Amino acid sequence: MSVLTVYEAGSRPSRRAPSEYFTGTVWQDPVIQTPPPASLRALKVTFEPGARTNWHTHPFGQTLQVLDGAGFVHVWGQEKLSILPGDVVWIPPEVKHWHGAGPSTCLVHLAMQEERDGREVDWLEPVDDATYAGGIEARK
């Protein structure tokens, strides 16, 4: 019995993110989907300029680590925030939010979340263009 699993670089293909949950072109690269009883799910997600997720929630919350580019994260009812390489964002459980690239820049982030009862995300409505283009809270 092996103590660990190594996924060789390039052994798992990139996939285009489903258009029913994303606006624009988004690519997903698998990082890990742990076997039970662990429940970690992680993807490297690449958003082309203007691309973004739909509004959504996660049963146990979500952590984003920005790897490259520039983009936004937006929690329902709050100001949209800019995110840059090195930033780590924690979104609490069941908090409605979206994230994606800036209008003229790509965004690459690592998205980490846990699964509960077979689900790791609840997808909601698309982010309309007016919301996407809306104001940004200044970085402190």
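## Ground rules

Here, "buried" means under 20% relative accessible area and "exposed" means over 50%, with partly exposed in between (1.4 Å probe, protein chains only). This is a predicted model, so to speak in plain terms: local features need pLDDT of at least 70, side-chain atom pairs count only at pLDDT 80 or more, and totals for chains, interfaces and linings use all residues. Residues are numbered from 1 along each chain as its sequence is written, and side-chain values use heavy atoms, with hydrogens and water left out.

## Around His-97

His-97 has 0% relative accessibility, so it counts as buried. His-97 sits in strand E11, residues 97–101; strands (E, at least two residues) are DSSP runs, numbered from the N terminus.

What does His-97 touch, leaving out residues up to four places away in sequence? With contact meaning heavy atoms within 4.5 Å, the list is Asn-54, Trp-55, His-56, Thr-57, His-58, Gln-62, His-74, Val-75 and Ile-91. A polar atom of the His-97 side chain also lies 2.9 Å from the backbone oxygen of Val-95.

## Strand partners

Two strands pair if DSSP finds at least two bridges between them. E11 pairs with strand E8 (residues 71–75) in the antiparallel sense, over five bridges, and Val-75 is the residue opposite His-97.

E8 also pairs with strand E9 (residues 80–83), again antiparallel, over three bridges, with Phe-72 opposite Ser-82. E8 and E9 make a hairpin with four residues between them, and Gly-77 in the turn has a positive phi of about 85 degrees. E9 then pairs in the parallel sense with strand E14 (residues 136–137) over two bridges; there Lys-80 stands opposite Ile-136.

## Rings and charges

Rings of Phe, Tyr and Trp (its six-membered ring) pair if their centres lie within 6.5 Å; planes under 30 degrees apart are stacked, over 60 edge-to-face, and the rest tilted. By that rule there are six aromatic pairs. One of them is Phe-22 with Phe-47, tilted, at 6.5 Å centre to centre and 50 degrees between the planes. Phe-22 lies in strand E2 (residues 22–23) and Phe-47 in strand E4 (residues 40–47), so the pair ties together parts that are 25 residues apart in sequence. Phe-22 is buried at 8%, and Phe-47 is buried at 0%. Ring pairs also link Tyr-21, Phe-22, Phe-47 and Trp-123 into a cluster.

A charge sits over a ring if NZ of Lys or CZ of Arg is within 6 Å of the ring centre and within 35 degrees of the ring normal. Arg-12 lies over the face of Tyr-7, 4.2 Å from the ring centre, and Lys-96 over that of Trp-55, at 5.7 Å.

Key
A polar contact is a pair of N or O atoms within 3.5 Å; within protein, one must be able to donate a hydrogen and the other to accept it, and residues adjacent in sequence count only if both atoms are side-chain atoms.
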